[in-house]
Amino acid sequence: MTRTVRCENTGDKKKTLKILIAGGGIGGLVFALAAKRSGFDVKVFEKDLTAVRGEGLERGPIQLLSSAMGLMESIDKDAAREIMESGYVTGDRLNGLADGTTGQWFAKFDFLTPAIQKSIPVTRIICRMELQRILLNAVGEDNVMNKSRVVDFVSDSKKVTVFLENGEQYEGDILVGADGIRSVVRSKLFGPNKEPKYSNFICYTGVAEFHPMYLPSFGYKIFIGRNKYFVALDIGKGRMQWYAFVREPRESPVSSIGDKNMLLECFGGWCDEVIKIISRTNEEAIIRRPIHDIDMIRTWGKGRVILLGDAAHAMLPNLGQGGSMAIENCYWLMLELQNLAQRHTISEIPLDQITTAFTRFEKKRMFRVRIVHSICRLASTLTAFYQTYLLDIGPIFNVAGVLRVKHPAFHVSNKLLQLAMPKFMEWVIVGQD
C-alpha cells in the first residue's frame, strides 16, 4: 500500500522549508547538516548505509582542501573540529607533480601559505567512512532513512514528491539530487543522455605499509608517464595510499583484486619511489575499478529540483577535487536558500523564487566547478602525448650506462606546469568569497 508523508518540523509549529535529499554520501550529508543548522526540515533517503557503518568495502581516504574545511566551519563548527581531529594534515608537506621515470618534480604546490593568509584550516585527508560517520552523527540518524532508494519524483508549482523503491512517497518543498555519478534524479531531470562516460583509464589502488623512518617525505605526489600516472599520498601511521591509473581504451570487467605483478611490469621503468610503494602493498589489498566522469551540464536545476556533488559534476579523481567541490556547493546553495527563507514566512515559497535562487547559485558556482572539472579531464588526456626521453638507448658499445636524451616537450611541459599549476592550485585552495 502506498503511503504519502509530508515532512514536518516536530519541534516548532512555525512552517519552514522542507528539504528532501536523495543520497547519503558526502554531499548529501553535508547539505543535510547545513539544512538542519539553518532550521529547515530535512530528510535524507539513502539506499545503503553499510559503507558509512563500516560494513562495506573501504573506498580509501578523501582529500579536503582548505576551501572546503573553511566552509565546513561555517556550516557546523563542532563537526568541522571532529573532522580536523580525525584527519591527517598533508597541506604542510611537499605536494605536487613529478615525472614518473625520473621522479623529478615538475611543480610543487604550496597549500600552507594560502590557508594561513586566509585563516582557514590546512588541507588534510580523512578516511571516507570516518567522515561519513561524523556527518551522519551530526545530521542525526532520525533524519536519514536507510534502504530508501529514490526511484522517481514529481515536481509542480506547490511541492515535490519523491517515490521510493519500497512504495513510500514523501512530499517537500525542494528535492536535492545527491545520489552520485549514476544519479536517478539527474536521469529523470535531464534524460538518460547525461550518463557516466568511461575515461579510458582503469584505476588500481592499495595501501603500502612503511616503517615511518622510510616513508616518502611528501604529502602527496602525482607521477606522470605516457598513458599512465601514479598518485601517492601519506595517510599517516606509516601508510601510503596510492592510485595507479592505466589507459585501457575499452572498459573491461571490474575485478575485486588487482594484479601486483602486472603493475610492477607496467611501471617497471619508473623511479624507485613508485616501485617501492607497489612492492610494499599486499596483493589482496589491491582493488581495481574503471574510472568514469560525466560531461558538464549547462544547468543543475529545474523546477523544485537541484543536483549536488557527483550527480551534478562527477569529475576524475586524479587531483582529489570532487569532495571539496561538493562541500563548497553545499555551502553556497544553502546560503541562497537561507536568503530565500528570510523573505518568506511560510513554506509555500513561489516556484519562480526557488528557480531564481537556483540560478543565482549556479552563477556563483558553475564557472569554478567547470574549470576544475576540465583540468582534471585534461590532465588525464595529456598523458597520451607525454614522453620523458627522445632517446633511451643502452648500454651502447659495451660501455656501461645508457644514452638518454630528454624529449623537448619534457622541458616545455615542465616550464608550463611550474608556471600554471601552482597558481591554479592556490586558486582552488583559497575558494570563493
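Strand E2 (residues 18-22) and strand E13 (residues 174-177) run parallel and are joined by four bridges, where strands are DSSP runs of E with at least two residues and helices are runs of H or I with at least four, both numbered from the N terminus, and where two strands pair if DSSP finds at least two bridges between them. Within this pairing, Ala-22 has Gly-177 of E13 as its bridge partner. This is a predicted model, in which local features need pLDDT of at least 70 and side-chain atom pairs count only at pLDDT 80 or more, while totals for chains, interfaces and linings use all residues. Residues are numbered from 1 along each chain as its sequence is written, and side-chain values use heavy atoms, with hydrogens and water left out.

E2 and E13 belong to an open sheet of six strands with mixed pairing, in the order E9-E3-E2-E13-E20-E19. The edges are held by strand E9 (144-145) and strand E19 (301-302), and each has a single partner strand, so one side of each is left without a neighbour in the sheet. Helix H1 (residues 26-37) packs on this sheet, touching E2, strand E3 (41-45), E9 and E13, with contact meaning heavy atoms within 4.5 Å. The direction of H1 makes about 170 degrees with that of E2, given axes that are lines fitted to C-alpha atoms, for helices over the stretch in contact, and angles that run from 0 to 180 degrees between N-to-C directions. Helix H11 (residues 351-381) also packs on the sheet, touching E13, E19 and strand E20 (305-307), and its direction makes about 15 degrees with that of E20.

Elsewhere, strand E14 (residues 197-209) pairs with strand E18 (residues 287-293) in the antiparallel sense over six bridges, and Cys-203 has Arg-289 of E18 as its bridge partner. E14 is also joined to strand E17 (residues 239-247), antiparallel, by nine bridges.

A search of the whole structure finds zero disulfides, a disulfide being a pair of cysteine sulfur atoms within 2.5 Å. Cys-376 is buried at 0% relative accessibility, where buried means under 20% relative accessible area, exposed over 50% and partly exposed in between, with a 1.4 Å probe and protein chains only.

Turning to the rings, Arg-280 lies over the face of Phe-210, at 5.0 Å from the ring centre, a charge being over a ring if NZ of Lys or CZ of Arg is within 6 Å of the ring centre and within 35 degrees of the ring normal.
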